[in-house]
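This report describes selected features of the structure shown below.

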Amino acid sequence: MTDPTPTDTAPPPPAGTLGPLAWLRANLFSSWFNGLLTVLILWGLVELIPPLVHWLVIDSVWGPADPQTCRLADGACWAFIHEKYRLILFGTYPYDDQWRPLLAVMIIVALLAASCDPRTWCRLILPMWAIGIALVLVLMFGGVFGLAYVENTRWGGLPVTLLLSVVGLAAAFPVAILLALGRRSDLPVVKALSVVYIEMIRGVPLISLLFMSSVMLPLFLPTGVTIDKLLRAQIAMIMFASAYLAEVIRGGLQGLDNGQYEAADSLGLGYWQKVRLVILPQALAMVIPPIVNTFIAFFKDTSLVLIIGIFDLMTAAKAALTDMYWRGFYKEAYLFVAVFYFCFCFFMSKYSKWLEARTARGVRR
Amino acid sequence: MTDQAGAVATDRGDHDPIIQMIGVSKWFGAFNVLRDIQLTIDRGERIVICGPSGSGKSTLIRCINRLEEFQSGRIIVDGIPLTNNVRDIEAVRREVGMVFQQFNLFPHLTVLENCTLSQVWVRKRSKAEAERVARHYLERVRIPEQADKYPGQLSGGQQQRVAIARSLCMNPKVMLFDEPTSALDPEMVKEVLDVMISLAETGMTMLVVTHEMGFAKSVADRVLFMDRGEIVEQAPPDQFFTNPTSERTKLFLSQILSH
């Protein structure tokens, strides 16, 4: 280095700032503490991963097998899932008709996929969902077009979880917007009603709302009038979700600059025009992360309906475990169910990131 | 002119007033921000309102399109008395454009959409017609090429010109300007003032709250000086700047014209 050779090109960066060694130093060993963490994590991974791979793959029992083979093996018993997956996914729905809930699930997933693009939101989305959900209900209930009637106490598994959460959120969202607007209203009665509703529902655990809807509500109804159990649970979940979402949306309304309200007013826009065209597009875009947070929490909370005896995905997995012949394979059952929950939640989280980036386009101030 | 407006006695009987403020007073809590304002503005008049901060000048023009409530007195705009009636308020707002200090463009819409939104929803114009009008006024404020950008991509001066175009698209009878150049970098003030001057030349009725005394001198028919919620002095610009009668006006002018 004492005699640098003259060169035409720009001088190279100092030695040791490029290459894999430099990357290692910058990212994994930048200080003694980070170095220690790196070593600890590496040690943890070495301890964890090989046994996990053994249990999940190498030593596990795949394909059809009887429980005895599973009990002798050291690994996971995927034969249990092979045996029970239809019970877990579709509950006690008549076995030969299980193509119907499968199709229903596919329709719901297709609806979700089609709703991802904000460009479909203006006109298509309402009729699309109305037709889609009607189709799902026809498939699930049957009783027309030569489909055998299946009452909803026999529904179970994934379609129930999806219906409860998707219909729940779709119905709760507009209610939540009205509640959030109501809470900021100048009209004292509207404001008071919104505050009381939000605070009452938020102050109660979801489980107690579900209990109330399934146990207490029938006591108040006149004899002869019954509301379906699934519908009652659905209503309780809509009430719950709307109260939480309302507060999230109110945060967005309050974060919006007052000048936006004044500009809309000064142009002569009426209240609902102002809300729809100016306020909500901006307020909702601001609170996408907490909205999706609420969505994800709500999706997983639907598993609480098991306490009032509704057969959602989680309950169906528990039911599969009660088979005397196949007792004890709870790890496999819960892992299987977890994969489904994870897929939906991960998709929501990724979608929210994409949507955030997309709406941020115009809002660079 | 409706009976109500016509019944109001003014000393300008031969004129054609578009805005009348009669004994308007307003309080923010216990603070008396406007005191018994008497003001009549004719069609086509250009008014500049100046005064120290906190003197109530912004509040005064914000009362005209009812962005601020007032507790006593009457305001009649183009024959429509401003009451708590939402329909009357919206009717007045349709005819009164406003330009804000902070522009207040809608950041989620493009420049063109900013200009067409209220035309389509309030004036019930077709989308094509609204876009034609919008492009016409964007041309007038000299930024037709920015129509498809978002407000956040424009400079402050450009944003304020879009805000002016957005208001003009509604074909208002009166334009209110609330310190339109105060939030701008110095090099952008002129482009906005130029647009306002050319607007004044078309005969638009304008009320402008501003500290730009050069603009007042070249454009205003009348300059109003406000202090502590009162209109202390009003006069044509040559008289206002050369021969003010009130001590408070003299003090204010000496402060803003001394450097």
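Helices here are DSSP runs of H or I with at least four residues, numbered from the N terminus. The model is a predicted one. In chain A, helix H15 spans residues 330-360 and contains Lys350(A). Lys350(A) has a relative accessible area of 45%, so this lysine is classed as partly exposed. Between the C-alpha atoms of Lys350(A) and Val39(A) there are 31 Å, while the two residues stand 311 residues apart along the chain.

**The second largest pocket**

The volume of the second largest pocket is about 1100 Å³. Its lining comprises 30 residues, and those nearest the centre are Asp186(A), Asp265(A), Tyr271(A), Lys274(A) and Arg93(B). Four helices each supply at least two residues of this lining: H7 (158-183), H11 (258-266) and H12 (271-286) of chain A, and H3 (86-95) of chain B. Of the contributing elements, H12(A) gives the most, with five residues. By residue class, the lining holds 14 nonpolar, five polar and eleven charged residues.

**Chain B as a whole**

Chain B has ten helices and ten strands. Its radius of gyration is 18 Å, which agrees with the value near 18 Å that a compact globule of 259 residues would have. Along the principal axes, the C-alpha atoms of chain B occupy a box of roughly 50 × 50 × 40 Å. Buried residues make up 58% of the 259 residues in chain B. Among the contacts in chain B with a separation of 6 or more, 65% join residues 24 or more positions apart. The accessible surface of chain B amounts to about 11000 Å², and carbon and sulfur atoms account for 47% of that surface.

**Positive phi values in chain B**

Most residues other than glycine have a negative phi. Asp78(B) has a positive phi, near 50°, and Lys124(B) likewise has a positive phi, near 60°. Asp78(B) sits in the loop that joins strand S4 (72-77) to strand S5 (80-81) of chain B. Lys124(B) belongs to the loop between helix H4 (111-121) and helix H5 (127-140) of chain B. Asp78(B) counts as buried because its relative accessibility is 17%, below the 20% cut-off. Lys124(B) counts as exposed because its relative accessibility is 60%, above the cut-off of 50%.

**Two further buried residues**

| Residue | Relative accessibility | Class |
|---|---|---|
| Asn65(B) | 0% | buried |
| Leu193(B) | 13% | buried |
| Asp78(B) | 17% | buried |
| Lys124(B) | 60% | exposed |

Asn65(B) is located in the loop between helix H2 (57-64) and strand S4 of chain B. Apart from its neighbours within four places in sequence, Asn65(B) makes contact with Ser266(A), and also with Val92(B), Arg93(B), Val96(B), Met98(B) and Leu176(B). One of these partners, Arg93(B), is also among the residues that lie nearest the centre of the second largest pocket.

Leu193(B) lies in helix H7 of chain B, which covers residues 186-201. When residues up to four places away in sequence are set aside, Leu193(B) touches Thr181(B), Glu212(B) and Phe215(B).

Terms used: Residues are numbered from 1 along each chain as its sequence is written. Chains are lettered from A and ligands numbered from 1 in the order in which they are written. This is a predicted model: local features need pLDDT of at least 70, side-chain atom pairs count only at pLDDT 80 or more; totals for chains, interfaces and linings use all residues. Side-chain values use heavy atoms; hydrogens and water are left out. On a 1 Å grid over the protein atoms alone, a cavity is a set of points where a 1.4 Å probe fits but cannot get out, and a pocket is an open set with protein on both sides within 12 Å along at least five of seven lines; lining residues have an atom within 4 Å of a point. Grid points are joined across faces, edges and corners, and a volume is the space filled by probe spheres set on the points. Ala, Val, Leu, Ile, Met, Phe, Trp, Tyr, Cys and Pro count as nonpolar, Asp, Glu, Lys and Arg as charged, and the others, Gly among them, as polar. The radius of gyration is taken over C-alpha atoms; the globule rule is 2.2 Å times the number of residues to the power 0.38. Buried means under 20% relative accessible area, exposed over 50%, partly exposed in between (1.4 Å probe, protein chains only). Contact means heavy atoms within 4.5 Å. Accessible areas come from the Shrake-Rupley method with a 1.4 Å probe; for residues, only the protein chains shown count as cover.
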